[in-house]
Amino acid sequence: MGMVKSTNEGNITGFILLGFSDYPQLQTALFVVILILYLLTILGNTIIILISHLEPKLHTPMYFFLSHLSFLDLCFTSSVTPQLLVNLQDPMKTITYGGCMVQLYVSLALGSTECVLLAVMSYDRYVAICRPLHYALLMHPHLCMALTSLAWLSGVATTLVQSTLTLQLPLCGHHQVDHFICEVPVLIKLACVDTTFNEAELFVASILFLVVPISFILVSYGYITQAVLKIKSATGRKKVLGTCSSHVTVVVMFYGTIMFMYLQSAKSTYKDQGKFVSLFYTVVTPMLNPLIYTLRNKEVKEALRKVLGKILVIKFT
């Protein structure tokens with residue numbers, strides 16, 4: 001496999017994303033599976049966004065946050081999957097320096113935003129279950145917008161810092177990225193200088209965007225669990241758990257995989273496991289999220305049937 005040309009060590013024109021080159025027998029199958037998952041991701045998340053806006057009963061804070069989560073998932077997977085699909089069919093597996101830079105900034109911003117947004121959604125569930133009489137007062141539209149803006153701004157801020165510091169590392173002519181995506185941990189491995197500072201900064205950012213949000217989520221669900229145990233009615237407990245189970249499932253899938261990638265050392269030798277773990281949170285999880293919320297949420301299913309019914313009526317009248 002040829003190297004991507006560069007004029008000198010500091011002027012890189014592109015990278016080679018090795019991706020799943022070690023598994024040539026799997027690449028065709030991966031292409032088909034990932035393409036199907038990507039199309040399902042677009043369809044599922046678009047449906048969630050549309051019904052959240054078209055169905056008046058879903059004009060609540062919970063579905064406001066859910067529509068933002070679906071939009072995030074759409075953008076996040078779209079920042080990675082098209083290039084991955086191209087490289088699975090391209091023997092050279094190249095990506096321009098500009099393309100790698102855009103992918104790095106955008107995917108990190110969106111992934112970090114989702115970390116914070118999932119924590120915000122847990123707070124919404126806490127207020128709804130533990131303080132139901134004050135829910136409308138506490139979760140008013142201005143606060144929802146402010147919390148969502150905080151999530152987006154924090155994602156942008158962290159990518160401006162982390163991505164910029166990573167791109168300033170000298171790569172000394174080595175442009176083969178042993179991954180399918182331009183991510184901070186894998187790009188740090190290409191540097192030919194001491195990366196202690198970058199690894200420390202990455203670790204601190206991982207604590208802020210992974211450990212702190214998941215700790216907040218655990219505390220929120222600790223209070224929610226206490227509130228559920230006080231409910232005497234089995235039907236009432238089942239209803240409350242139903243509103244939380246979808247969010248808990250999404251949290252476990254997203255944080256479980258992304259923490260494996262970002263809380264290990266940038267020099268970790270788990271390269272193959274890292275590729276498949278990254279594949280899960282960049283391709284699989286964005287597809288599963290709308291499916292989880294649709295299948296495990298009665299309100300979403302009813303809204304979907306209602307919207308589809310209206311579309312069919314309009315079409316045949």
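Q: Is the crossing of helix 2 and helix 4 left-handed or right-handed?
A: Keep in mind that this is a predicted model. Here helix 2 covers residues 61-78 and helix 4 covers residues 97-130. Looking at how these two helices cross, the handedness comes out as left-handed.

Q: Which way does helix 2 run relative to helix 4, roughly parallel or roughly antiparallel?
A: Helix 2 and helix 4 pack with their axes 10 Å apart, at an angle of about 160°. Angles over 145 degrees count as roughly antiparallel. So helix 2 is, relative to helix 4, roughly antiparallel.

Q: What is the angle between helix 1 and helix 2?
A: Let's start with direction: helix 1 is roughly antiparallel to helix 2. Their crossing is left-handed. The contact involves residues including Tyr38 and Ile42 of helix 1, along with Tyr63 and Leu66 of helix 2. With the axes 9 Å apart, the packing angle is about 155°.

Q: How much accessible area do Val32, Ile36, Leu40 and Leu43 have together?
A: One of them, Leu43, lies in helix 1, which spans residues 27-54. Val32, Ile36, Leu40 and Leu43 form a nonpolar patch on the surface. Taken together, their accessible area is about 340 Å².

Technical notes. Residues are numbered from 1 along each chain as its sequence is written. This is a predicted model: local features need pLDDT of at least 70, side-chain atom pairs count only at pLDDT 80 or more; totals for chains, interfaces and linings use all residues. Side-chain values use heavy atoms; hydrogens and water are left out. Patches are made of residues with over 30% relative accessible area and no salt bridge: like charges are joined within 9 Å, nonpolar side chains (Val, Leu, Ile, Met, Phe, Trp, Tyr) within 5 Å. Accessible areas come from the Shrake-Rupley method with a 1.4 Å probe; for residues, only the protein chains shown count as cover. A salt bridge is a side-chain nitrogen of Lys or Arg within 4 Å of a carboxyl oxygen of Asp or Glu. Helices (H or I, at least four residues) and strands (E, at least two) are DSSP runs, numbered from the N terminus. Axes are lines fitted to C-alpha atoms, for helices over the stretch in contact, and angles run from 0 to 180 degrees between N-to-C directions. Angles under 35 degrees count as roughly parallel, over 145 as roughly antiparallel, 65 to 115 as roughly perpendicular and the rest as oblique. A crossing is left-handed if the near helix is turned anticlockwise from the far one by less than a right angle, and right-handed if clockwise. Contact means heavy atoms within 4.5 Å.
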